Amino acid sequence: MTQSNERKLTIARAMAEAIAQEMRTDPGVFVMGEDIATLGGVFGNTRGLVEEFGRERIRDTPISETGFIGAAVGAAQDGMRPVVELMFADFFGVCFDAIYNLMAKNTYFSGGKFKVPMVLMTSTGGGYSDAGQHSQCLYGTFAHLPGMKVVTPSNAYDAKGMMTAAIRDDSPVVYMFHKSLQGMGWLGTEQGASVHTPEEDYTVEFGKAKVVREGRDVTIVSLAMGVHHALKAAAELEKSGVSPEVVDLRTLVPLDRDTIRASVAKTGRLIVVDEDYHSFGVSGEVIASVVEHDISVLKAAPQRVTAPDAPIPYAREMEQFFLPSPAKIVDAWGRMKAA
Amino acid sequence: MTPSKEQLHWMYETMVTSRRFEETIEKIYLEGKQPVFNMASGPIPGEMHLSNGQEPVAVGVCAHLEKGDIVTATHRPHHEAIAKGVDLNRMAAEIFGRATGLSGGRGGHMHLFDPEVNFACAGIIAQGMGPAVGAALSRKMQGKPGVAVAFIGEGAANQGAFHEAMNLAALWKLPFICVIEDNSWGISVAKKDSTAVARNDVRGAAYGVPGVYVEGNDPWKIFEAAGDAVARARAGEGPSLIEVETYRLAGHFMGDAEGYRPKGEKEALFARDPIPAMRKRLLDEGAADEAKLKELEARAEDRVSAAIDFARSSAAPAPEDALTEIFA
């Protein structure tokens, strides 16, 4: 594609555009959350919506997550398609009953008769010293619980297509967006997340991981911010003649185990990069997906680059020590080679 | 607002249906659980929360509701489900864990869902508040008729979900009614040991919502209070809060020894059993004669036995169906 017709959007704008397009065609779609109307969302992903759709459909809520997420479940069951924002994934602690006991279970408990077509969008990730109640990813926490789809885009193209798919989905979707990918200057932004994004509406199918860089020697599996770390590490490793393949999971539920397995079958080596906690989470699940299927494909023990099992610290030095980075991925390759 | 003769007949028949249903379930529940009580045994496994004594609340409120109106109920949902018109056969089958149950055996007695009459319930205290408020919001946004009623227990008024949902309903002036069934016990903890507020209707003031307390487990008074609230909601005037004094004639759940009740309380409550009381008043006021009451009672018996027969004769679900209907 030529430079002239390229249409680069931030993830924040891509999300808002997808919501606006669905709202124009489906009167059942509405948005609820804290600071999503006048302010346009603290992470910019509802900017411009209240101006176009008004306060009835772009609805600022009180600080009352149990109330409005529970209400979204009831509205969804009654034929609406609410998009609700949980400002930080960390805040799930005040409202998880509405999420995993109602939103995620009512379809099952009704034998499929009540549909709960809602999107719960929520921000994840650290890196800007917001400490341990505003920096968590919690991918594994959400993905662990059955009954809700869980997706997390790494770039604006996927962000738009996945938001459109999420709104049209008849099942509840947890849409997790990483703050460092939003294109908000004040958070520090990963430039690689802002990519060409078509103006017309389109969907990105859930359950399909994407090989974002082809390679021969090692598969680096990641998601959201970690994909960008992986691509940077891959470029670094390439200089020393190593050819890494990078897989962007995009969807956690349903998880595309086939793409992971096919890539590792080709490269024989696996590094998982996950900004969520080390134990009982995404990284272990990805490794298990490979080894329980065919352990013989592995030429070395898999490596994990993750957040350690500790609350996320505030001080810059401590937080940078804590988070995954391209350098840590390069080191993981070194450990793997040495092994 | 007073109930018509037809409404009174419906209320009485529905109360008797609910009571017969509970009595029958109680008996069957104990099959296979004696002499050793094991919750996992018998044709109806799991926890069982019976609604004996609380029937007036369900009928007094649901007498004003239509099929399209929304009800969310609690972990003790049978009387409310029956009053809202949930298919009794499929409800019984769900309680028996059969393939023909409302959700094919996936939910059981605390998770009864019937989209035909917009009924849902949930097993966690105050959990129905948010969804009922959301359904009311949906109706308001769509410009569709309908009110949403959340039935909760008095213990639920101490939960955060109650307060958050009341605040939203008032803020958005929704066609929503919260009905608190005050049976004075949260399992074993008395209302007076749970809150310094004697009557929860006063909590409406915290949200700018009118509140009313109905004494005496009286179907007529409940009908009147609910009628006002439903009319208010239908007229677009916003939510209401009703707390009703009612009696839990059974334990919290089957197998509850009820050692926490003061001596003599159970006997006193049985003396005020609302079903014989309503029967007597119908006769006294000439709203029904003996023949009419017998007819209503017989119809209730028939419905219950048909439902139990349906459940008993239904097939068990295929085990592997446990993995279906997880997503839409």
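Trainee: Is A:Asp78 buried or exposed?
Mentor: A:Asp78 is buried, with a relative accessible area of 13%. Buried means under 20% relative accessible area, exposed over 50%, and partly exposed in between, with a 1.4 Å probe and protein chains only. This is a predicted model, where local features need pLDDT of at least 70 and side-chain atom pairs count only at pLDDT 80 or more, while totals for chains, interfaces and linings use all residues. Residues are numbered from 1 along each chain as its sequence is written, chains are lettered from A and ligands numbered from 1 in the order in which they are written, and side-chain values use heavy atoms, with hydrogens and water left out.

Trainee: Where is A:Asp78, and what does it touch?
Mentor: A:Asp78 sits in the loop between α3 (65-77) and β4 (81-88) of chain A. Helices (H or I, at least four residues) and strands (E, at least two) are DSSP runs, numbered from the N terminus. Leaving out residues up to four places away in sequence, A:Asp78 touches B:Ile70, B:Asn118, B:Ala135, B:Ser138, B:Arg139 and B:Gln142. A contact means heavy atoms within 4.5 Å.

Trainee: How many helices and strands are in chain A?
Mentor: Chain A has twelve helices and 14 strands. Its radius of gyration is 20 Å, close to the 20 Å that the globule rule gives for 339 residues, so chain A is as compact as a globular protein of that length. That radius is taken over C-alpha atoms, and the rule is 2.2 Å times the number of residues to the power 0.38.

Trainee: How much of chain A counts as buried?
Mentor: Of its 339 residues, 63% count as buried. Among contacts in chain A between residues at least 6 apart in sequence, 80% join residues at least 24 apart.

Trainee: What about helix α7 of chain B, how many residues does it have?
Mentor: α7(B) (residues 219-234) has 16 residues and reaches 22 Å from its first C-alpha to its last, close to the 22 Å expected at 1.5 Å a residue. The expected span is 1.5 Å times one less than the number of residues. Its buried residues include B:Trp220, B:Phe223 and B:Val230. The buried residues of α7(B) pack against elements of chain B, among them α1 (5-29), β4 (176-182) and α9 (274-284).

Trainee: And what follows α7(B)?
Mentor: α7(B) is followed by B:Gly236, whose phi is positive, near 80 degrees.

Trainee: Which residues other than glycine have a positive phi?
Mentor: Most residues other than glycine have a negative phi, and most peptide bonds are trans. A:Phe280 has a positive phi of about 65 degrees, and B:Ile187 has one near 50 degrees. A:Phe280 is exposed, at 86% relative accessibility, while B:Ile187 is partly exposed, at 44%.

Trainee: Where are cis peptide bonds found?
Mentor: One joins A:Val253 and A:Pro254, with omega about 0 degrees. Another runs from B:Gln34 to B:Pro35, with omega near 5 degrees. A:Pro254 is in the loop between β12 (251-253) and α9 (257-267) of chain A, and B:Pro35 is in the loop between α1 and α2 of chain B.
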